[in-house]
Amino acid sequence: MQEWPYVLPRCPEWHVTEQAQHRSAAHPLSQVEASQDGAGPLCVTPRAPSGAARPQAPLEMNLCWNEIKKKSHSLRARLEAFSDHSGKLQVPLQEIIDWLGQKDEELSAQLPLRGDVLLVQQEKETHAAFMEEVKSRGPYIYSVLESAQAFLSQHPFEELEEPTSESKDVSPRHRIQNISRFVWKQANVASELWEKLTARCVDQHRHIERTLEQLLEIKGAMEELSTTLDQAESVRETWEPIGDLFIDSLPEHIQSTKLFKEELSPMKDGVKVVNDLAHQLAISDVHLSMENSRTLEQINTRWKQLQVGRRVWFPCRLQSCDTRSSSSQVILGQCQPQRLASLLVSFCFPSSHQAQTTCWDHPKMTELYQTLADLNNIKFSAYRTAMKLRRVQKALRLDMVTLATALEIFNEHDLQPSDRPMDVVEVIHCLTALYERLEEERGILVNVPLCVDMSLNWLLNVFDSGRSGKMRALSFKTGIACLCGTEVKEKFQYLFSQVASAGGLCDQRHLGVLLHEAIQVPRQLGEVAAFGGSNVEPSIRSCFRFSNGKPAIEASQFLEWANLEPQSMVWLAVLHRVTMAEQVKHQTKCSVCRQCPIKGFRYRSLKQFNVDICQTCFLTGRASKGNKLHYPIMEYYTPVRGWA
């Protein structure tokens, strides 16, 4: 019988129990017997058939044991080298991440820029030094990222199955994979932060350069305008006051002011350029310094005063309605109607040589129009138009006139049908009666002649810019109804009734007439484009969606449409809210300008906590760092109790 090549060694470290020998006898072929001491590895040997002699082979067993120890040491060395290498990457990567986050905060702290040339130049130098510091750090960051990339290429990771809950220890393979994954995440974060910081540095450098260029331009333009205004004011001082002129000398004065106006055209463009530059800076969150703001305000004020001084208006107070008399002043509303109509046609002033349009303005109306320019910084067209109309409304005292009072005057002067023409004399008579009735009902002192002159001036500018001396009764009633102090729903009801048939229905043609008349109000303020322009067809189609396919609409359907604040009529609804909010005080502080209490409109974002902004800051787009509103936004125009 052939002998088994080797048997278990008989040494103190290995013990074979009798039970094992018994089991080996039961299974004589290819059985495995194992024994392990407290620290040694598991040794396995095939067992010889029973009865066979088991040779001694200690040399082969020692070789096996040495090979296992050698592989164990090699594995341990590899793990230690891996941990040491990954540790050398994790620390610098985290330092880079922290440094980039700190520099990002420093970069944010450099904004917003201040609107002064010297301050922006200093900011430019500071930012240049900042960019140099960032640039000098670049090679080190790139070297660490390249090392991380090389490390990950040598030790790639993949998604592994999570270790089972029964196994409490994490396998070495899982441990290596986790370390590689962590290094990869750190490298990704550092790379993204570095790209973001460098891109922001470049953008901010361009922003500073552009801002400095605009500030230098606005500074030079303001200096040039100041010199030009000095010269123009010297010329204006040589003029005789309008009140000292005879009517016969007015044509000569008109001619001189026309020439003066032509000479001032470049100045007008210069003022526009300066204000546009200031507006562009404000959009970029760069607000002029106090000194520059004061200079710009003085230029605008002087320009307005110069325009008032050189503007030729149809005199509301003439030396006399008769060219032969100069001993008394006569108010426009007190002139003889025939003489008044003649004067209206004779003393209109061409406001545009290219368009050949003419207009005249009362001195007070001119001043009013100049103050409306202050509202051009309002971003939202509906609110900008409404606030301009609110100033006009209060200047004409129409905010104190109720629609009921106006209807009484309309009925007394038989302003039906609505499409019949009215001449200037009829308009003056209606306005005079309206303001006299207001004085009686309210028991207040009203400057009736001045109110009549101003209202006539405004109505002619809106509905008769060509100064034909006539307007439709519907135009007159639309203008008064829009600016009277009445609820907006009542205004819409009345306007609809003026174009509806006897059965209370209105077809598309008559609705178009009404909308065309109404759109003239924002048109006169230069705001018509924001409300659909002259084309009212889209508004007509929008309104007739409520007609259920019928060729005419009812008053209720028109009001349902108007309640949605359509584009062509939204300014009228906003005017009502502006009026209501005017006297409201909210007992909270504006998060931007710190005004407390907030007067007028109050705005609060539904996505931010405890951030309130006043109407001035919100409508002009002002916002402090970290306090920009996020939509949706709630608008309050009445006092609110409770937590809101």
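**Exercise 1.** Which residues of the largest nonpolar core touch the most other members?

*Solution.* The model is predicted: local features need pLDDT of at least 70, side-chain atom pairs count only at pLDDT 80 or more, and totals for chains, interfaces and linings use all residues. Residues are numbered from 1 along each chain as its sequence is written, and side-chain values use heavy atoms, with hydrogens and water left out.

Step 1. A nonpolar core is a set of buried Ala, Val, Leu, Ile, Met, Phe, Trp, Tyr and Cys residues joined through side-chain atoms within 4.5 Å. Buried means under 20% relative accessible area, exposed over 50%, and partly exposed in between (1.4 Å probe, protein chains only).

Step 2. The largest core has 95 residues, and Tyr435, Trp458, Phe476 and Phe558 touch the most other members. Helix H13 (residues 448-463) gives the most to this core, ten residues; helices (H or I, at least four residues) and strands (E, at least two) are DSSP runs numbered from the N terminus.

Step 3. Domain 2 (363-582) and domain 3 (585-636) each supply at least three residues to this core; the bounds come from an automatic or database domain assignment.

Step 4. A separate core of 27 residues includes Ala221, Leu225, Trp239 and Val274.

**Exercise 2.** In what order do the three strands of the open sheet lie, and which stand at the edges?

*Solution.* Step 1. The order is S16-S15-S17, with antiparallel pairing. Two strands pair if DSSP finds at least two bridges between them.

Step 2. Strands S16 (612-614) and S17 (633-636) are at the edges; each has a single partner strand, so one side of each is left without a neighbour in the sheet.

Step 3. Strand S15 (residues 602-605) pairs with S16 over three bridges. Arg602 has Cys614 in S16 as its bridge partner.

**Exercise 3.** Describe the aromatic pair of Tyr383 and Phe601.

*Solution.* Step 1. Rings of Phe, Tyr and Trp (its six-membered ring) pair if their centres lie within 6.5 Å; planes under 30 degrees apart count as stacked, over 60 as edge-to-face and the rest as tilted. The structure holds ten such pairs.

Step 2. Tyr383 and Phe601 are 5.7 Å apart centre to centre, with 80° between the planes, an edge-to-face pair.

Step 3. Tyr383 lies in helix H10 (residues 381-395) and Phe601 in the loop between strand S14 (598-599) and S15, so the pair ties together parts 218 residues apart in sequence.

Step 4. Tyr383 counts as buried at 13% relative accessibility, and Phe601 counts as buried at 1%.

Step 5. Ring pairs link Phe380, Tyr383, Phe601, Tyr603 and Phe618 into a cluster.
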